[in-house]
Structures are given as C-alpha cells and as structure tokens.
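Open the model in your viewer and keep the selection tool at hand. The tour goes from stop to stop.

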Amino acid sequence: MKEKIEKVIKKIEESDKIDADKKPLIIEKIKEWKEEDDAISEVILKLENWWMEVEPIFAEMGLV
C-alpha cells in the first residue's frame with residue numbers, strides 16, 4: 001500500500017492540473033497520513049471518491 005502512496009505523490013508532483021502552490025501542502029499531508037496505518041485507508045477512500053468524480057472527465061478527453 002505504501003508503494004501506491006509513493007506513486008500518488010509522484011503523480012501529484014508531475015501533475016499540471018494541481019496548483020503548484022498547493023502541491024507541497026498536499027504531499028506533506030499525504031506523507032503524514034502515510035505514517036498512520038489507519039489513515040492509509042482514509043487516503044485510499046478519498047482518492048477513490050475523487051477519481052470516481054474526475055474519471056468521466058478524463059475519459060471524455062480521451063485520457064483514460
């Protein structure tokens with residue numbers, strides 16, 4: 001699971017859809033959660049919910 005979180009952090013760093021000023025804050029929070037085993041589940045759930053919202057947009061643009 002921690003490997004997946006590292007992938008998420010990398011994607012956030014590489015993303016041009018996330019404001020550059022917010023990236024360090026998001027990554028910092030994810031790294032805090034990474035240290036908390038219970039929080040890992042929470043992060044996954046939030047990311048899955050977020051993906052369910054944005055996946056149709058990416059699909060419509062042909063990116064998925």
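Select glutamate 14 and lysine 10. A salt bridge joins these two residues, with the closest N and O atoms 4.0 Å apart. This is a predicted model. Both residues sit in helix H1, four residues apart, so about one helical turn separates them. Colour the pair by accessibility. Glutamate 14 is exposed, at 55% relative accessibility. Lysine 10 is partly exposed, at 48%. The cut-off explains the two labels: exposed means over 50% relative accessible area. Why can such a pair form at all? Side chains of opposite charge can pair when their charged atoms come close.

How many salt bridges does the structure hold? There are two. For the other stop, select glutamate 32 and lysine 29. Their closest N and O atoms are 3.5 Å apart, and they form a salt bridge. This pair lies in helix H2, with a spacing of three residues, which again means about one helical turn between glutamate 32 and lysine 29. Glutamate 32 is partly exposed, at 38% relative accessibility. Lysine 29 is also partly exposed, at 38%.

Stay in helix H2 and pick leucine 25. Is leucine 25 buried or exposed? Leucine 25 is exposed, with a relative accessible area of 57%. The C-alpha atoms of leucine 25 and isoleucine 5 are 15 Å apart, and the two residues are separated by 20 residues along the chain.

Zoom out to the whole chain. Switch to a cartoon view. Along the sequence the pattern reads α-α-α. Taken along the principal axes, the C-alpha atoms fill a box of roughly 35 × 25 × 15 Å. Of the 64 residues in the chain, 20% are buried.

The largest pocket holds about 920 Å³ of space. It has 23 lining residues, and those closest to the pocket centre are Val8, Lys11, Ile12, Leu47 and Trp50. Select these five residues and centre the view on them. Then colour the lining by helix. Which helices supply at least two residues of the lining? Helix H1 (2-14), helix H2 (23-34) and helix H3 (37-60) each do. Helix H3 gives the most, with eight residues. The lining divides into 14 nonpolar residues, one polar residue and eight charged residues.

Where does leucine 63 lie? Follow the chain past helix H3: leucine 63 is in the segment after it. Leucine 63 has a relative accessible area of 54%, so it counts as exposed.

End with one last view. Glutamate 14 and lysine 10 mark helix H1. Glutamate 32 and lysine 29 mark helix H2.

Definitions and conventions. Residues numbered from 1 in each chain as written. Predicted model: local features only at pLDDT ≥ 70, side-chain atom pairs only at ≥ 80, totals over all residues. Heavy atoms only, no water. 1 Å grid on protein atoms, 1.4 Å probe; cavity = no way out; pocket = protein on both sides within 12 Å on 5 of 7 lines; lining within 4 Å. Points joined across faces, edges and corners; volume = space filled by probe spheres on them. Nonpolar A, V, L, I, M, F, W, Y, C, P; charged D, E, K, R; others polar. Buried < 20%, exposed > 50% of the residue type's maximum accessible area, 1.4 Å probe, protein only. Salt bridge = Lys/Arg side-chain N within 4 Å of Asp/Glu carboxyl O.
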